[in-house]
Amino acid sequence: MNDVMLRLEGISKSYNPGTPAEISVLRGATLEVARGEAVALVAPSGAGKSTLLHIAGLLDTADAGMVEIGGVATGDLGDRSRTRMRRNDVGFIYQFHHLLPEFTARENIMLPQLANGVARGAARERAEELLASVGLTERGGHRPAEMSGGEQQRVAFCRAMANAPRVLLADEPTGNLDPDTSDRVFGALMGLVRSTGLSAVIATHNLELAARMDRVVRLEHGRLVERVERVDAGRAAD
């Protein structure tokens, strides 16, 4: 499929392999995400969601299987090429924003661009554009400690989008927010996804938020199973 932006095929991962303490986390997980599609990844804590996202984003390697981004099989890439692809084509968002406290919101968004060789003026313009897209134009000069949790997380979204990635991976991005703030922050995230046409995999325990995405897949016994039935938003994931 020409419009598949992220393909995971037969991903397997174990920890402490070959020992009595071996833990098999992923057992042939397979997933395709089309350009412009938002996929919810749902599973209990400890099921391997973070491991899967790290492998998909080239932060970790699988024991077996293939990761393909934008039609490129990443297993054939050397370390330098993997680093370049991770920096240019993949954006990460975590439950905790991990913003650098000594820098302003604007500067936090500029930094990944500057590291990628973008001129300072262009990086600042891009940061202002992203801040405006999530309603934070007036907060660009504030440091993280001067912002609310929801504002900090929206800045983290902007930072992840700074280098215009093609794939966005989010690990419980609203997990530490109250319900109202979570809803607003999720709306800002989906607004970025829809306006840019990137492909997103968003891990969440919140089934109401999951139901607002294009598809829901559940990680069960190390494999990904698509849920075609309507999500019951009133039922919490275990």
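**A cavity and its neighbours**

Reader: How many cavities of 30 Å³ or more does the structure hold?
Author: This is a predicted model, where local features need pLDDT of at least 70, side-chain atom pairs count only at pLDDT 80 or more, and totals for chains, interfaces and linings use all residues. Residues are numbered from 1 along each chain as its sequence is written, and side-chain values use heavy atoms, without hydrogens and water. Take a cavity as a set of points on a 1 Å grid over the protein atoms alone where a 1.4 Å probe fits but cannot get out. With a cut-off of 30 Å³ or more, the count is one.

Reader: Which helix and strands each supply at least two residues of the largest cavity's lining?
Author: Lining residues have an atom within 4 Å of a point, and here they are Leu53, His54, Phe92, Ile93, Tyr94, Leu169, Ala170 and Asp171. By class, that makes six nonpolar, one polar and one charged. The suppliers are helix H1 (49–56), S6 and S7.

Reader: What is the bridge partner of Gly91 in S7?
Author: S6 and S7 pair in the parallel sense over five bridges. S6 is largely enclosed by the rest of the structure because four of its five residues are buried (under 20% relative accessible area, 1.4 Å probe, protein chains only). Across in S7, the partner of Gly91 is Leu168.

Reader: Which residues on the other side of H2 from its buried ones are exposed?
Author: Helix H2 (residues 79–89) buries Arg82, Met85 and Asp89. They span an arc of only 70° around the axis, so they sit on the same side of H2. Exposed (over 50%) on the other side are Asp79 and Arg80.

Conventions. The arc is that of the directions from the helix axis to the C-beta atoms. On a 1 Å grid over the protein atoms alone, a cavity is a set of points where a 1.4 Å probe fits but cannot get out, and a pocket is an open set with protein on both sides within 12 Å along at least five of seven lines; lining residues have an atom within 4 Å of a point. Grid points are joined across faces, edges and corners, and a volume is the space filled by probe spheres set on the points. Ala, Val, Leu, Ile, Met, Phe, Trp, Tyr, Cys and Pro count as nonpolar, Asp, Glu, Lys and Arg as charged, and the others, Gly among them, as polar. Two strands pair if DSSP finds at least two bridges between them.
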